[in-house]
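Keep the selection tool at hand.

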Amino acid sequence: MDKYTIINANIVLSNKIIEKSSLYVVDGIIMDINGEVQGDVIDAKEMYLAPGMIDMHIHGAGGFGSDLNISKDNLSAMVSFLESKGITTFALASCASINFLERMKGHLDLSTLSEYVAGVYFEGPFINVEKKGGLPLDSICNPDKEYLEKILSYKVNGRPLVKVMTVAPELEGIDEIIQILNQNKVKVSFGHSMASFKDAMKYPSNHVTHLYNAQRGLDHKKAGLALYPFIDKTATYELICDGVHVDQDLVDFTLTTIKPNRHCLISDGMSFCGLGKGNGKYLGKDIYSDGKACYYTDNNVLIGSACLISETGKNLVKRNILTIPELFISASLNPARVLGLNDRGQIKKGLRADLIMLDEELNIQRVFKAINPGMKMLSECSRCCP
């Protein structure tokens, strides 16, 4: 039996920080807070101890991912890189592709990778071509029940590999698609859409893919999808906070207007995410990163971020837009709930000990990760954040 206690930690809970406290872990599970000190003792030296971050919408990072032909080695390397940055779980985002699902199923079946990779986030295929953004045209189609059932037939651990699917609520025939997704417990997310606010409000309590991006906005004459999470108090939404995808003032307005319990901080990161400037490929096309965001080289179309949520989240706290507990509601608890992960996302007795230790500046100092029952891994951060 594997036991350890972290002492002298400022533990970040969902509603407060408890200072100079201890956390007891057995076989990768949180057993007690401020109880008896047992097993190996790790002194946090009054650093923050928080739940590992969960990026529910990321295409790649650290030079890995961002390809429909992703290999197991590539995926494993992405897992390790993100772990060093404090991101202990993620859903790998992609345009709709059966080939991609086949590969991902093969990598996650009977593998510990499924402990870190929560599944697939499909942007499409039932979206509006007028708001396709950087998604390839051949990955988009009209609502098709048979095609959806084929997508949902790819399962890991008895559940669909696709955890979230972006759809455009204005499309004819989308009602049946939404119904089938709900029946299969796949999160419906509205995006890549020309929907008006009224189109979206026909379907309450859903999610919004990267709010403001690839959708109609807050026009004063005819409000678009972007108004949905402001009015539907049960809707959740994602926001990219790199300062490029959404104007910083609009980011601040959104996060101070909508309560934190519905916000999911995402990166929408590409393969350069966390690496700074560079050149490479995505879906067979040349792309480049300016250090903040990634673009197609031939037409400068914005396709994703180059900033990880551990970086953008730190900046939101520094600018007093979010408190530290609110950051981890946005970057851990809410994404876990949207993805249906009931065993992680907060520091609570009985949950997984996916934990990160941070200094006063919110730099990642150490990562504690529950891999399997009876196992844990402690790894020092590589400190390669820009």
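This tour of a predicted model goes through a helix, a sheet and a pocket.

Select residues 324-339, which make up helix α9. The helix has 16 residues and reaches 22 Å from its first C-alpha to its last. That is close to the 22 Å expected at 1.5 Å a residue. Now centre on Ser 330. A kink of about 35° in α9 is centred there. Show the surface next: α9 is mostly covered, with 14 of its 16 residues buried. Then step just past the end of α9 to Gly 340, which takes a positive phi of about 75°.

**Stop two: the sheet.** Select β18, β19, β20 and β21. These four strands form an open sheet in that order, and the pairing is antiparallel. β18 (277-282) and β21 (302-305) stand at the edges with a single partner strand each, so one side of each has no neighbour in the sheet. On average, neighbouring strands here are turned by 25° against each other, direction ignored.

Zoom in on β19 (residues 285-290) and β20 (residues 293-296). Three bridges join these antiparallel strands. Pick Tyr 288 and look across to β20: its bridge partner there is Tyr 295.

**Stop three: the largest pocket.** How much space lies in the largest pocket? About 350 Å³. Its lining counts 20 residues. Select Ser 114, Ala 118, Asn 157, Lys 163 and Leu 341, the lining residues that lie nearest the pocket centre. Finish by colouring β10 (117-123) and β12 (159-160), as each supplies at least two lining residues. β10 gives the most, with three.

Technical notes: Residues numbered from 1 in each chain as written. Predicted model: local features only at pLDDT ≥ 70, side-chain atom pairs only at ≥ 80, totals over all residues. Heavy atoms only, no water. Expected span 1.5 Å × (residues − 1). Bend = angle between axes of the 7 residues up to and from the residue. Buried < 20%, exposed > 50% of the residue type's maximum accessible area, 1.4 Å probe, protein only. Pairing = 2+ DSSP bridges. Axes fitted to C-alpha atoms, helices over the stretch in contact; angles between N-to-C directions. 1 Å grid on protein atoms, 1.4 Å probe; cavity = no way out; pocket = protein on both sides within 12 Å on 5 of 7 lines; lining within 4 Å. Points joined across faces, edges and corners; volume = space filled by probe spheres on them.
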